[in-house]
Amino acid sequence: MRTLILNAGFEPLAVVSFRRALALVICGKAAVVEIVEDDPVWGVSVRYDRPSVIVLTRYVKVPYSRRVPVTRRGVLKRDLHRCGYCGASATTIDHVIPRSRGGEDSWQNLVACCLGCNSTKGNRTPAEMGWQLRITPRMPYGPGWAVRGAEGGAPQWEQYLAQAVAA
């Protein structure tokens, strides 16, 4: 079971285990906002509600930016596992501008690609092949990308994650 942690300003910070979240609540560093119904946590002599969303009592300054790190898995997820050139099922990623020609490992230069298109394209650019990209590669955004581990979270999280996208 996982718990979404919100900063004092109700912006999503992280996803942690319910044990860590319960420890923060018991120590007075956080307050429970949403609970998991009908699934309490039993202590030796105390019953606690299992937290689904908690909010910190003090504001924490986040020292890092909200940039999403580039990963193979992330590129495939962003492109919905569809080839950026032909639309078939993608299992690999491709550099639009090949690395041998100065192409970077960035969201703007990587697309999901099927094995056929990847091997056919090789060390060339789409323009040299006469191909068009079906998508415009860019850094992803949205509730699932705002906080690491938030994808596939509890339904109660959606309203809090949506605030992260709007900000």
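This is a predicted model: local features need pLDDT of at least 70, side-chain atom pairs count only at pLDDT 80 or more; totals for chains, interfaces and linings use all residues.

Me: How many salt bridges does a search of the whole structure find?

Reply: The general idea is that side chains of opposite charge can pair when their charged atoms come close. In this structure, a search of the whole model finds five salt bridges, among them the pair R50 and D39, whose closest N and O atoms are 3.1 Å apart. That pair links distant parts of the chain, with R50 in strand β4 (residues 47–56) and D39 in strand β3 (residues 30–42), eleven residues apart.

Me: Is R50 buried or exposed?

Reply: The reading rests on relative accessible area, for which buried means under 20% and exposed means over 50%, with partly exposed in between. R50 has a relative accessible area of 11% and is therefore buried, whereas D39, with 29%, is partly exposed.

Me: Which residue forms a salt bridge with R47?

Reply: The partner of R47 is D49, and the closest N and O atoms of this salt bridge are 3.5 Å apart. R47 is partly exposed, with a relative accessible area of 46%, and D49 is also partly exposed, with a relative accessible area of 37%.

Me: Which parts of the chain are linked by the pair K121 and D94?

Reply: The side chains of K121 and D94 meet in a salt bridge, at 3.2 Å from N to O. The pair links distant parts of the chain, K121 lying in helix α3 (residues 115–121) and D94 in strand β5 (residues 92–95), 27 residues apart. As for accessibility, K121 counts as buried because its relative accessibility is 0%, and D94 is buried as well, with a relative accessible area of 5%.

Me: What does N109 touch, when residues up to four places away in sequence are not counted?

Reply: With those sequence neighbours left out, N109 touches D94, H95, V96, I97, G103 and E104. One of these residues, I97, also has its backbone nitrogen 2.8 Å from a polar atom of the N109 side chain.

Conventions: Residues are numbered from 1 along each chain as its sequence is written. Side-chain values use heavy atoms; hydrogens and water are left out. A salt bridge is a side-chain nitrogen of Lys or Arg within 4 Å of a carboxyl oxygen of Asp or Glu. Helices (H or I, at least four residues) and strands (E, at least two) are DSSP runs, numbered from the N terminus. Buried means under 20% relative accessible area, exposed over 50%, partly exposed in between (1.4 Å probe, protein chains only). A polar contact is a pair of N or O atoms within 3.5 Å; within protein, one must be able to donate a hydrogen and the other to accept it, and residues adjacent in sequence count only if both atoms are side-chain atoms. Contact means heavy atoms within 4.5 Å.
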